[in-house]
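Visitor: Hi! I've got a chain to look at, so please talk me through it.

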Amino acid sequence: MPGKAYECVRFEQVKADKYGIVRIDQKQYSTSPRFAGQAVLAKISFDTISLLNEENEVIVRHPRLYGETKKSMDWQPYLTLMAKRPTALKYSSFYDQLPEEWKAFFGECTVEEKRNALQLLSVILKEQDFDISLQALRIASEHGHPTTESIKHVYYQLVNGRGIRETLSLPPSVPSTRNSSRGLSHYDRLMIMPGGEQR
């Protein structure tokens, strides 16, 4: 008997479009923005599509599509690029696929917070699925709008099995602070002066 199982696959050279998407058997599969316009090698089996670089290293692996589904998208390689233009997030198909909790979080973020959160998601999704990022967001949001650092802190507690530390309670002598408005919606409420001048 052979010492190694025989792989029933075929290889096909394909070229990515300007978005890093390749087409195989009338279906679309993502690679990474850095492979836009470049040729990659597709390793095709009955249930997976692996896309390889020139050194035959796996760029991304997709389940092979059958039936009505036309596109398989692995967003992790694209998030670093999206972090450079965080204001465009709401108009991306990635945003449409986000759980409602993440949409609500991004809706209350400043531009810099969106940038940092997208970079964090890029790190999380490289090793984990979206479920653990959602769990970290929920825990970090228990006391209001969380910072990216607090989400990151909870995430590493979850993956390292250290449990979640209780939030410290402040003594009554500490004065309370007013809730600040978040997001960019307040920029839309410019005062209109007589004559149409904006202030």
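Guide: Happy to. One term before we start: two strands count as paired if DSSP finds at least two bridges between them. With that in hand, look at Val-14, which stands opposite Val-40 in β4. Please keep in mind that this is a predicted model.

Visitor: Which strand pairs with β4 there, and in what sense?

Guide: That is β1, residues 10-15, which pairs with β4, residues 39-44, in the antiparallel sense. The pairing runs over 6 bridges.

Visitor: And what about β4 and β5, how many bridges do they have?

Guide: They have 4, again antiparallel, with β5 covering residues 48-52.

Visitor: How many residues does the hairpin between β4 and β5 go through?

Guide: It goes through 3 residues.

Visitor: OK, zooming out. How many helices and strands are there in the chain?

Guide: You'll find 6 helices and 7 strands. Reading along the sequence, the pattern is β-β-β-β-β-β-β-α-α-α-α-α-α. Of the 199 residues, 33% are buried. The chain exposes about 13800 Å², and carbon and sulfur atoms supply 51% of that.

Visitor: Now the cysteines. How many disulfides does the count come to?

Guide: The count is 0.

Visitor: And Cys-8 and Cys-109, buried or exposed?

Guide: One of each. Cys-8 is exposed because its relative accessibility is 63%, past the 50% cut-off. Cys-109 has a relative accessible area of 1%, so Cys-109 is buried.

Visitor: Switching to the helices. Which residues of α4 are buried?

Guide: Quite a list: Glu-113, Lys-114, Ala-117, Leu-118, Leu-120, Leu-121, Ser-122, Ile-124 and Leu-125. A helix has 3.6 residues a turn, so residues three or four places apart point the same way.

Visitor: What covers the buried residues of α4?

Guide: The cover includes α1 (76-83), α2 (93-97), α3 (100-107), α5 (130-140) and α6 (148-159).

Visitor: Which residues is Ser-122 in contact with, leaving aside its neighbours within four places in sequence?

Guide: Those are Gln-76, Leu-79 and Thr-80. With Thr-80 there is also a side-chain to side-chain polar contact of 3.3 Å.

Visitor: Last one, Arg-115. Where does Arg-115 lie?

Guide: Arg-115 also lies in α4. At 24% relative accessibility, Arg-115 counts as partly exposed. Its side chain makes a 2.6 Å polar contact with the side chain of Glu-112.

Visitor: What else is Arg-115 in contact with, beyond its neighbours within four places in sequence?

Guide: Ala-83, Lys-84 and Pro-86. As for Leu-79, which is 36 residues from Arg-115 along the chain, the two C-alpha atoms are separated by 9.5 Å.

Definitions and conventions. Residues are numbered from 1 along each chain as its sequence is written. This is a predicted model: local features need pLDDT of at least 70, side-chain atom pairs count only at pLDDT 80 or more; totals for chains, interfaces and linings use all residues. Side-chain values use heavy atoms; hydrogens and water are left out. Helices (H or I, at least four residues) and strands (E, at least two) are DSSP runs, numbered from the N terminus. Buried means under 20% relative accessible area, exposed over 50%, partly exposed in between (1.4 Å probe, protein chains only). Accessible areas come from the Shrake-Rupley method with a 1.4 Å probe; for residues, only the protein chains shown count as cover. A disulfide is a pair of cysteine sulfur atoms within 2.5 Å. A polar contact is a pair of N or O atoms within 3.5 Å; within protein, one must be able to donate a hydrogen and the other to accept it, and residues adjacent in sequence count only if both atoms are side-chain atoms. Contact means heavy atoms within 4.5 Å.
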